[in-house]
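Have the structure open as you go through them.

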Amino acid sequence: MASVSDTQREAIGVPELHLAQYISVMTNGPSEAAAEAKQKLDAAIMEGSLTHIYKMTCEKASIPINNELAEQMSKKNEADIIEIDKKIELAKEQGDLEMNSARIERASYFAKIGDKETAIREYNEAFESTSATLNHKLDISFGLLHLGLFYLDTKLVTRQIQTAKELVDRGGDWERRNRLKAYEFVWWSYQRDFEKASKLFLECTSTFASTELMPFDDFIEMGCLVSSLALDRSTIKQKLIGNSEILRVTTSPVNPIACQIGQLATSLYDCKYSAFFESLAYVETHYLSINRYLLKHSRYYTREMRIKAYAQLLQSYRSLTIKSMATSFGVTEEFIDKELSRFIVAGRLHCVIDKVSGIVETNRPDKKNSQYQATIKQGDLLLNRIQKLSRVVNI
């Protein structure tokens, strides 16, 4: 029988999340990358007899199912389950610890092949066992959390993050606390709460050990990208550009995507806006468009980063010409005029455009005046509520 530590590692590492990323590249990436991802995914499916993942992939990619292959893999799954059930029978004679580990192994197998509903049921049965230890329950919770991330199941992930937090507070070790932070970072990035995500990223960068979640370089890429938007300019310098662990990844010549993500943060801080736009375009095409966690936020991210760069430049001047802005960003005057007009109307940039003179004039809002207006508005709301309450009391 597998050792307890082996079973714990297996429970929190299946199904393998890079397989879900292959599916994302297959369905959203350029043809060359999609073909490579399909080849790797097919090899993994065949090697592990991942029957349910195979069927899910065929459905998402609109590929007809090879029934003969599916039947062959299904028979292999049945044989493996019989062997695991024999281990469970043997474990009954050895003790509760071995029994719980064997149960987790069975649930993990269903998770590995992509049988989501059966895996959830098996995990929950093991969790509810009266002999399940705190560490067993933590492993089960991480197993369910990992499963939820594979399918991006909001309810399952949210519930398991809460469960894992409660268990960790009851006595979880240092490793599990850091693992939970890494999982939360990924989840809040997917939920587009980049401020929470960046805080968690910075907290666990030096202690990251959750390689079943993603490789360290991928963790740095995603964290640096999210933090570039969420952090202010001085914090970017201190926490990102000045962090040796992050720099080791973002300056590696063998990783062009990481280099461009690092360049994105560096050029924004250094006010090199033309290089910033080039890096942003590269990152959007080669990273955001295929990353399964950030794919749906691609347009939002690029828009917010452009606004951040425009606002940073405008803060330094009372006015500047459209021509000089276009030159700074390496784009045409028509592009800048259209961009600024859209963001000004939406209230995202505090400036006006003088089309006759070709000048952009900043009009930063008066902080004291805005605070006064907010106080008046909140006072009116409070008086209205008091009046409604007084009517109820009189009755």
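1. Start at Phe150, which is buried at 3% relative accessibility. Keep in mind that this is a predicted model. The ring of Phe150 pairs with that of Tyr151, with 5.0 Å between the centres and 70 degrees between the planes. That angle is over 60 degrees, so the pair goes down as edge-to-face. Tyr151 comes out as partly exposed, at 22% relative accessibility.

2. Next, have a look at Phe201 and Phe219, a tilted pair with centres 5.2 Å apart and planes at 50 degrees. Phe201 belongs to helix H11 (residues 194-204) and Phe219 to helix H12 (residues 216-230), so this pair links distant parts of the chain, 18 residues apart. Phe201 is buried at 0% relative accessibility, and Phe219 is buried at 0% as well.

3. Arg192 lies over the face of Tyr300, 3.8 Å from the ring centre. Lys296 has its charged end over the ring of Tyr190, at 4.1 Å from the centre.

4. And the cysteines? The disulfide count is 0. For Cys259, the nearest cysteine sulfur is that of Cys224, 11 Å away; a disulfide needs the sulfur atoms within 2.5 Å, so Cys259 is in none. Cys259 is partly exposed, with a relative accessible area of 23%, while Cys58 is buried at 5%.

Definitions and conventions: Residues are numbered from 1 along each chain as its sequence is written. This is a predicted model: local features need pLDDT of at least 70, side-chain atom pairs count only at pLDDT 80 or more; totals for chains, interfaces and linings use all residues. Side-chain values use heavy atoms; hydrogens and water are left out. Buried means under 20% relative accessible area, exposed over 50%, partly exposed in between (1.4 Å probe, protein chains only). Rings of Phe, Tyr and Trp (its six-membered ring) pair if their centres lie within 6.5 Å; planes under 30 degrees apart count as stacked, over 60 as edge-to-face and the rest as tilted. Helices (H or I, at least four residues) and strands (E, at least two) are DSSP runs, numbered from the N terminus. A charge sits over a ring if NZ of Lys or CZ of Arg is within 6 Å of the ring centre and within 35 degrees of the ring normal.
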